[in-house]
Amino acid sequence: MHDPYPSRRAAEPELLPRQDPVAYSPWRSDAPLGKEQVEQFDREGYLVLHDLFDASEVDALQDETRLLLADPSSLDRETIITERGSDEVRSIFAIHEQSHMMARLAADERLAGIASFLLDDAVYIHQSRLNYKPGFKGKEFYWHSDFETWHTEDGMPRMRALSMSVLLAENTPNNGPLMVIPGSHRTFVTCVGETPDDHYRMSLKKQEYGVPDDLSLAVLAHKHGIVAPTGKPGTVILFDCNTMHGSNGNITPFPRANAFLVYNAVSNRLQKPFGAEKPRPPFIAARDWEPIGPRRGNLRREAA
Ligand SMILES: O=C(O)CCC(=O)C(=O)O
């Protein structure tokens, strides 16, 4: 079968044109986003949504984040990823399976409804995680396209997925906010280097395979520029699965915490990995495509 997005196979990287739509639904008057927002997502591959949640909901999400971080013993150990060289929590995976509040957040109409509209399908959670970047110790996430990994290592067939990063602490220009290359989602950068066995065990701390080469990154960054959206807790940064993104380490005393929810179209559910022997475990790449949400109402009340 022809693979339109081959990666980690050839000796040299290539820049290939995207073969899939970005916003799958045309805008309509009852859409959960404005026409300009849909156009921006389509054109730039990302969108920032402000004030989706009220203050009590943001408080509840922050309380839950503190609980998750304060008592990791209640969590499945495998889902906790620590920073290189320290015991600081870097990420907690499968948060929607380990916390009622995060499950409710993932199903919320304000997120799942938008994802379902943009992907024009029922959606399920392919991956969820809390990315915590502790003050002083939080390390970078190097540049990557999520789709490259999800296709190669998980078996996601097409570009019909998107991520929502829900800011749970203020993201400032200084504490390692997400950076994106707007417009990069229209180019698939193939990566070089065969995937090692159980690659995820190291890549979740520091990714070295499935990252683009310097020249391809420079080409994209010179062509499109780089933006680093910031915002107060509750802000949501939504981005396409092939948008090139990353973030710097946090050498400030101000922790940065974001919930990261990945919605995949049910019709785009996983197959066999396109470039690895064994798929990654379900806590990183779900193989249960039960559609999620959309649930209405106040997050705090509903999750109680
Ligand atoms: O949290 C960040 O800054 C980036 C996270 C990221 O790229 C990822 O989880 O794939």
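Q: What do the words buried, partly exposed and exposed mean for a residue?

A: A residue is buried under 20% relative accessible area, exposed over 50%, and partly exposed in between. The model shown here is predicted. Glu140 has a relative accessibility of 25%, so Glu140 counts as partly exposed.

Q: With which residue does Glu140 form a salt bridge?

A: A salt bridge is a side-chain nitrogen of Lys or Arg within 4 Å of a carboxyl oxygen of Asp or Glu. Here the partner of Glu140 is Arg84, and their closest N and O atoms are 3.5 Å apart. Arg84 is in the loop between strand S3 (80-82) and strand S4 (89-93), whereas Glu140 is in the loop between strand S5 (123-133) and strand S6 (141-144); the pair therefore ties together parts 56 residues apart in sequence. Arg84 is also partly exposed, because its relative accessibility is 26%.

Q: How many salt bridges does a search of the whole structure find?

A: The search finds 18 salt bridges. One of them joins the side chains of Arg158 and Asp20, at 2.9 Å from N to O. This pair links distant parts of the chain, 138 residues apart: Arg158 belongs to the loop between helix H6 (146-154) and strand S7 (161-167), and Asp20 to the loop between strand S1 (15-17) and helix H1 (35-44).

Q: Where do Asp63 and Arg66, which meet in a salt bridge, lie relative to each other?

A: Asp63 and Arg66 are three residues apart in helix H2, so about one helical turn separates them. Their side chains meet at 2.8 Å, N to O. Asp63, with a relative accessible area of 36%, is partly exposed, while Arg66 counts as exposed at 52% relative accessibility.

Q: Which residues are linked in a network of salt bridges?

A: Such a network links Glu57, Arg104, Asp108 and Arg110.

Q: How is the packing of helix H2 and helix H4 described?

A: The description uses the angle and the distance between the helix axes. Helix H2 (residues 55-70) packs with helix H4 (residues 100-107) at an angle of about 135 degrees, and their axes are 9 Å apart. That angle makes H2 oblique to H4. The crossing in which H2 passes H4 is left-handed.

Q: Which residues make a nonpolar surface patch?

A: Leu15, Leu215 and Val219 make a nonpolar surface patch of about 270 Å². Leu215 is placed in helix H8 (residues 214-224). Its relative accessibility is 62%, so Leu215 counts as exposed.

Q: Where is a cis peptide bond found?

A: A cis peptide bond joins Gly293 and Pro294, with omega about -5 degrees. Pro294 is situated in the loop between strand S12 (256-265) and helix H9 (299-303).

Key: Residues are numbered from 1 along each chain as its sequence is written. This is a predicted model: local features need pLDDT of at least 70, side-chain atom pairs count only at pLDDT 80 or more; totals for chains, interfaces and linings use all residues. Side-chain values use heavy atoms; hydrogens and water are left out. Patches are made of residues with over 30% relative accessible area and no salt bridge: like charges are joined within 9 Å, nonpolar side chains (Val, Leu, Ile, Met, Phe, Trp, Tyr) within 5 Å. Accessible areas come from the Shrake-Rupley method with a 1.4 Å probe; for residues, only the protein chains shown count as cover. Helices (H or I, at least four residues) and strands (E, at least two) are DSSP runs, numbered from the N terminus. Buried means under 20% relative accessible area, exposed over 50%, partly exposed in between (1.4 Å probe, protein chains only). Axes are lines fitted to C-alpha atoms, for helices over the stretch in contact, and angles run from 0 to 180 degrees between N-to-C directions. Angles under 35 degrees count as roughly parallel, over 145 as roughly antiparallel, 65 to 115 as roughly perpendicular and the rest as oblique. A crossing is left-handed if the near helix is turned anticlockwise from the far one by less than a right angle, and right-handed if clockwise.
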